[in-house]
Amino acid sequence: MESVIKPSGQRADGRRNGQWRALMSAEHLKERGYGQRWAVESFFSALKRTMGAALNARRPDPMLAEAAFKVLAYTLRR
């Protein structure tokens, strides 16, 4: 599996921690669509705050329908 997580932390000598973290450049992350993650996380956070995080349905098909209706209602509300 390939990691696309933004590098964090630096050593005193200026290098990034770890062998693989050093390869996570801005270009590498942009190629893999990492730059839009904040928008998705923000959307789901707001959706859960306003519509609730729990679903009442217990079977897969009704759960999917309920989740879709919550997303639709939230989007129309915005």
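The structure is a predicted model, in which local features need pLDDT of at least 70 and side-chain atom pairs count only at pLDDT 80 or more, whereas totals for chains, interfaces and linings use all residues. Residues are numbered from 1 along each chain as its sequence is written, and side-chain values use heavy atoms, with hydrogens and water left out. The chain has three helices and zero strands, where helices (H or I, at least four residues) and strands (E, at least two) are DSSP runs numbered from the N terminus.

**Overall architecture**

- Read along the sequence, the elements follow the pattern α-α-α.
- Of the 78 residues in the chain, 12% are buried, a term that stands for under 20% relative accessible area, with exposed meaning over 50% and partly exposed lying in between (1.4 Å probe, protein chains only).
- The accessible surface of the chain comes to about 6700 Å², and 58% of that surface belongs to carbon and sulfur atoms; such areas come from the Shrake-Rupley method with a 1.4 Å probe, and for residues only the protein chains shown count as cover.

- Helix 3 covers residues 60–77, and its 18 residues should span 26 Å at 1.5 Å a residue, which agrees with the 26 Å between its end C-alpha atoms; the expected span is 1.5 Å times one less than the number of residues.
- The buried residues of helix 3 are Glu66, Lys70 and Tyr74.
- Seen down the axis of helix 3, these buried residues fall within an arc of 70°, so they line one face of the helix, the arc being that of the directions from the helix axis to the C-beta atoms.
- An α-helix has 3.6 residues a turn, so residues three or four places apart point the same way.
- On the face of helix 3 turned away from its buried side are the exposed residues Pro60, Asp61, Leu64, Phe69 and Leu76.
- The packing partner of the buried residues of helix 3 is helix 2 (37–51).

- Helix 2 has 15 residues and reaches 21 Å from its first C-alpha to its last, close to the 21 Å expected at 1.5 Å a residue.
- Just after helix 2, Gly52 takes a positive phi of about 90°.
- Leu55 is placed in the loop between helix 2 and helix 3, and with a relative accessibility of 22% Leu55 counts as partly exposed.
- Leaving aside neighbours within four places in sequence, Leu55 is in contact with Met63, Glu66, Ala67 and Lys70; the C-alpha atoms of Leu55 and Glu66, eleven residues apart along the chain, are separated by 7.0 Å.

**Aromatic pairs**

- A search of the whole structure finds two aromatic pairs, where rings of Phe, Tyr and Trp (its six-membered ring) pair if their centres lie within 6.5 Å, and planes under 30 degrees apart count as stacked, over 60 as edge-to-face and the rest as tilted.
- Phe43 and Phe44 form an edge-to-face pair, at 5.7 Å centre to centre and with 75° between the planes.
- The rings of Phe43 and Tyr74 have centres 5.4 Å apart and planes at 75°, so this pair is edge-to-face.
- Phe43 lies in helix 2 and Tyr74 in helix 3, so the pair ties together parts that are 31 residues apart in sequence.
- Phe43, Phe44 and Tyr74 form one aromatic cluster, in which Tyr74 is buried at 8% relative accessible area and Phe44 is partly exposed at 43%.

**Thr50**

- Thr50 lies in helix 2 and is partly exposed, with a relative accessible area of 41%.
- Leaving aside neighbours within four places in sequence, Thr50 is in contact with Tyr74 and Arg77; Thr50 and Tyr74 are 24 residues apart in sequence and 7.8 Å apart in space, C-alpha to C-alpha.

Definitions and conventions. Contact = heavy atoms within 4.5 Å.
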